[in-house]
Protein chains: 2
Amino acid sequence: MDDPPEVAAPEVTIVGAGLVGCLLACFLARRGHAVTVYERRPDPREENAGRSRSINLAISERGIDALRRVGLDETVLKAALPMPGRMMHAPDGTLSFQPYSADGRRAINSISRSALNRALLDAVGGFPGVRLRFRHRLTTLDPDTGRMEFDTPGGPVTAVAPVIIGADGAGSAVRARLQHRPGFDLHQEYLDYGYKELSIPARDGDFALDPGALHIWPRGRSMMIALPNPDRSFTCTLFWPERELAELDTPAKVERAFTENYPDARALIPDLAAQYALNPVGHLVTVRCEPWTVLGRAAVVSLIGDAAHAIVPFYGQGANCGFEDCAELDRCLAETGDDYAAALLLYESRRKVNTDTIARLALDNFVEMRDKVASRAFLARKRAEHALERILPGRYVSRYELVSFSTVPYAEVERRVARQRRWTAAAALVVTGVSAWAGVILRNRVRAAVTGPEPGSKPGPAAKSGLAAKWGPGRGRAGTGRRPRAGRW
Amino acid sequence: MDDPPEVAAPEVTIVGAGLVGCLLACFLARRGHAVTVYERRPDPREENAGRSRSINLAISERGIDALRRVGLDETVLKAALPMPGRMMHAPDGTLSFQPYSADGRRAINSISRSALNRALLDAVGGFPGVRLRFRHRLTTLDPDTGRMEFDTPGGPVTAVAPVIIGADGAGSAVRARLQHRPGFDLHQEYLDYGYKELSIPARDGDFALDPGALHIWPRGRSMMIALPNPDRSFTCTLFWPERELAELDTPAKVERAFTENYPDARALIPDLAAQYALNPVGHLVTVRCEPWTVLGRAAVVSLIGDAAHAIVPFYGQGANCGFEDCAELDRCLAETGDDYAAALLLYESRRKVNTDTIARLALDNFVEMRDKVASRAFLARKRAEHALERILPGRYVSRYELVSFSTVPYAEVERRVARQRRWTAAAALVVTGVSAWAGVILRNRVRAAVTGPEPGSKPGPAAKSGLAAKWGPGRGRAGTGRRPRAGRW
């Protein structure tokens, strides 16, 4: 990492010292800006800081690319475990592995949210231009004066800043302050599924399941996943309609539900009922809002990460997408000569369409994960996709790979996938046509060999003069002239 | 009005003493319930209470029906001016009147929001079981304890109640407190149009325009409406994209815009530029949320009126719809024996689909008002509709009449309009077919009279044996067997 330059204006306030707030602080500090980060919780690196929420994270290319830009990729990946595929657990205990990429080598990386947050906080602490203020809960914010108020253990604290960025998550206090301004559109929608975290401890000092996979138990109405941890445990997340999660209110009911749906996992969680009773139910919300950036008279206020676009976790993209926001804002600051108002408006205009897209994909992927991954048709399609990827390397790339192993903007991923679908459908038609034609030729050859030539077995002059004149060499060239376009994807 | 019964439990808190909060208080007080109403503003009946927001209201059947149930309809209508139709102002000053109903006699009623609010506050004051608390701004609310905190001029005040109903409008503080609970879905969407109120004063002691109409200046991109007041002035509301409203930032620009778009109205507003500069820009928001009713451990909290479903004003249904909420909740209380939790859940289940419907209709009607009312096709359709209504009284009723002059639930209005459309399309086909057939018969008769019969001028045996066998008397009866269904609408 380069030495940070001397601290100078502009002054930036970030609300939220979670994953995105910390990474953003690093990006801005590297640009030489003075940054203050306010966080309502205590420093998670303190003892007894309390357990933070989880869902283990899967860091993939977008997140790694952003971390790389501030020199943090290696540090973070050292604490992560690569998962090159899914391990599907059938109800009868049968396991099947589905690689995420065509070559089977690309992996998403399991890391605990809290470990990642601590690593990022340590990195932030390395920049002298960044001040961290914990136990500061934002209560008021006025873009027209730049004034903020925080509740702290020592009483209310006031601060003023010309640039305020809310990186304070799905329940953002900054967004709540912007929400009451005329013209602020907000859509907040909960899934009727809740989640419950459970832990599979290490067995005889080793992983109880293959650590080189994201484990999935797809059961249609419910679903469980498990991600490996460096201490050889697995963190499981069970997704179930909230009402049904709540109905498992006795140890016997929990036992029965697991024995029915997750017998192999049940055997690996000795204190299942106790864990189930202790751990809270988590909720899954999608938030879209607009604008992210509000130009007040005295301050520009903007949103980033989950505060701007909370998504459900089923594509493993929440943190990756938030990290990508930071990298994009950094680019926009470079392009605008560190004019925050212009940069934040530009960043919003570029990111919004992409975050809307991944929000939709994440919801769609829930259906895929809890249901389709167990179907033969789905597995056949995945195998066909991977075969196409191997035949046409870099030309045909599956949506999953484009989302997880590239930094192609999400909206462009969707356009590219649509183009690929059209192209493969056309190719399938051509292959079918050619096969049928070859079949006819072959049949006629065989018949001819046996009985002599049939009338009409080769094109007559009428057909030639008609069709060939219309679709002959001239048109043929026009047709082949289209080929280079295929190279675009 | 009956004497109110002696005050007894249950204790209900209403937040908001606007139109819906006051009417609800009347309904509940009539049921013998103790009601406390908290309002953040001062009592509007005090002097210097400040000007409240407007958009003049058009009270129609739904609102009147609810007022009638608490004996307030006559008092309110006395202060209102009936508007039996629209007066369309063309750019060249040409006026054309479009009655709202087929018989031209049904009217919506112009009343000022503040006059109506004062009348309702006076009515509330007539119930000894109701306490009104002004200058109380809700700051916290916890359904699990029933505890509320209010900011007041004398410092913070705490209250506890088992039933809390938010009637505090589109920017509801009660809804804001519920919004952060998991599972609370919220959609808040602003129109990019703002509005500006202007006043046309009386001229020579009389109305400057016909007081028996809602005046509309439809201009496609912008629109103005004017509603009469008992003091012989008109309240105008100008709708324009916000950016363009803001661009009229000098008297000269205001003058030019009005001279171009609203020349006849311009002549009636002597101090136009001053009014334009003084009056603030209003905003137009649609809010949908779910659930309206939250069952906490110690209190049931629910939403009513704009707090539950703010809509844009273009169908004149905002207040009417909120009043209908009150009447429905009153019915649900009667049906559940005053069990508030059950009644509020029932009320929500019945109203939500209807308020979603009117929210959509109100948005659609904006396009109709600012654009289509000026088109010939629209006027022709309106005339055809009114003709159908006269030919088939009670069987064919236009959407506008069902919304404004009936209490048919909004969602049922939409189903009925869809049925009417299918039926009239079918009827049009039959009429066309019969006319064509009659034309052919007539032509053949004429020809026959001149030249003698033509071959094929009546169906041959083949046609009869083929078609008649398939679609003959048996099928015919099945067909006519459907007729009585038409009577349902």
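Where in chain A does UniProt place the feature "transmembrane region"? The unreviewed entry puts that feature at residues 12-30 and 423-442 of chain A. UniProt positions here follow the numbering used in this talk, feature names are shortened, and annotations may be inferred rather than shown by experiment.

Before going on, the ground rules. This is a predicted model, in which local features need pLDDT of at least 70 and side-chain atom pairs count only at pLDDT 80 or more, while totals for chains, interfaces and linings use all residues. Residues are numbered from 1 along each chain as its sequence is written, chains are lettered from A and ligands numbered from 1 in the order in which they are written, and side-chain values use heavy atoms, with hydrogens and water left out.

Back to the two annotated spans. Helices (H or I, at least four residues) and strands (E, at least two) are DSSP runs, numbered from the N terminus. Residues 423-442 of chain A are 100% helix and 0% strand, with 28 Å between the end C-alpha atoms. Residues 12-30 of chain A are 63% helix and 21% strand, and there the end C-alpha atoms lie 13 Å apart.

E13 of chain A and E13(B) run antiparallel and are joined by three bridges; strands pair if DSSP finds at least two bridges between them. Within this pairing, Gln188(A) has Leu186(B) as its bridge partner.

Staying in chain B, strands E9 (residues 137-142) and E10 (residues 147-151) pair antiparallel over five bridges. Leu138(B) stands opposite Phe150(B). The two strands form a hairpin with four residues between them, and Gly146(B) in the turn has a positive phi of about 75 degrees.

Now some backbone details. In chain A, the peptide bond from Glu290(A) to Pro291(A) is cis, with omega near 0 degrees. Pro291(A) sits in the loop between strands E17 (281-290) and E18 (294-295). Chain B has a cis peptide bond joining Glu290(B) and Pro291(B), with omega about 0 degrees. Asp204(A), a residue other than glycine, has a positive phi near 50 degrees; its loop runs between E13 and strand E14 (214-218) of chain A.

Last, Asp168(B), in the loop between strand E12 (163-166) and helix H5 (173-178) of chain B. A polar atom of its side chain lies 2.8 Å from the backbone nitrogen of Ala173(B). Beyond four places in sequence, the contacts of Asp168(B) include Val15(B), Gly16(B) and Ala307(B). Asp168(B) and Ala307(B) are 139 residues apart along the chain, with 5.7 Å between their C-alpha atoms.

Conventions:
Contact = heavy atoms within 4.5 Å. Polar contact = N/O pair within 3.5 Å; in protein donor to acceptor, adjacent residues only side chain to side chain.
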